[in-house]
Amino acid sequence: MRVLVTGGASGLGAALVDRFAERGARVVSADLSGRAGARAPEGPDNSVVERALDVTSDADWDAARAWVEQEWGGLDVLVNNAGIAGGGRLELCSIDEWQRIIDVNLLGVVRGTQTFVPMMKRQGSGRVVNTASLAGLVHPPGMGSYNAVKAAVVAFSETMSHELAPYGVGCTAVCPSYFRTNLMSSLSGADTDLAEQITRLVEKSPISADDIAVAVLDGLDRGLDVVLPDEPARAAYALKLGDRAAYDAQMRATAARAKERSS
Ligand SMILES: NC(=O)c1ccc[n+]([C@@H]2O[C@H](COP(=O)([O-])OP(=O)(O)OC[C@H]3O[C@@H](n4cnc5c(N)ncnc54)[C@H](O)[C@@H]3O)[C@@H](O)[C@H]2O)c1
């Protein structure tokens, strides 16, 4: 199996690189130039190739496609995983921050897809795995920009899974709750209260990136189009679907606590 993972130098991307390699896959671990090569991947020798790839760069994607075509002759799994943290209350999230998070977290996925899906359609096989978030399905207050782009990734993924089914190509959206990674180091913006709250949730989470990676591979084995890889994510989404009034009350209590802290 030939796999390319973006954001492969850290967190969930790194864990996915290791778990795919452990299964005998050949993996490109792609990340920003200063980060690619920053860690020693697990797995058999030479199973992992590290490449610099900024998901916002068309030229980097073109170079990745050329490398994959020349070295492997095709790709079985593209994991659009690279992402940054973002959010902040409505008036505290600038348009520059909106544009940055759209460019990385949404258009990074779109660029990867446009780069490799034509190859997969020609092959008549392949799967695109998009790391969205639970935030793409349930939408806590104070996280407008992050929620919006992750919901867009969920919608885009479902669209792809329908559109590509006749070509034998699949698509999976991954929607985890908070788990421990370096994600919060990418957060910028003026909403320091939101940053503190989310940093605590990420850093104190009992769930590791490896726990999520194992659940993602299990979901792929089962051919799922949406993977809710942890119990808090499954419970939160079930509450929204099953008891909308209780879900709304929970979200509004969170917003009321934020208002109290800011007054
Ligand atoms: N950690 C969580 O609680 C959580 C929850 C839900 C979803 N996610 C999502 O999981 C994905 C992985 O994040 P993580 O938590 O492992 O964080 P992380 O910061 O540990 O890893 C993200 C990686 O993406 C890379 N990256 C950032 N911008 C990039 C770009 N323009 N081009 C290429 N690589 C880039 C970073 O260098 C980093 O190595 C993200 O899409 C994130 O939104 C994380």
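Ser125 sits in the loop between α3 and β5. Helices (H or I, at least four residues) and strands (E, at least two) are DSSP runs, numbered from the N terminus.

Ser125 counts as partly exposed because it has 14 C-beta neighbours inside 10 Å. A residue is buried with 20 or more other C-beta atoms within 10 Å of its own, exposed with 12 or fewer, and partly exposed in between.

## Basis of the model

This is a predicted model, in which local features need pLDDT of at least 70 and side-chain atom pairs count only at pLDDT 80 or more, while totals for chains, interfaces and linings use all residues. Residues are numbered from 1 along each chain as its sequence is written.

## Helix α4

Helix α4 covers residues 144–164 and spans 30 Å from its first C-alpha to its last, close to the expected 30 Å. The expected span is 1.5 Å times one less than the number of residues.

Buried residues of α4 include Tyr146, Val149, Val153, Phe156 and Met160. Among the elements covering the buried residues of α4 are α3 (95–123), β5 (126–131) and β6 (169–174).

## Ligand shell

The ligand is surrounded by 30 residues, and the closest are Gly7, Ser10, Gly11, Gly83 and Thr181. Helix α1 (residues 11–22) gives the largest share of this shell, three residues.

Key. Two residues are in contact if their C-beta atoms, placed from the backbone, lie within 7 Å. A residue is near a molecule or strand if its C-beta atom, placed from the backbone, lies within 6 Å of it.
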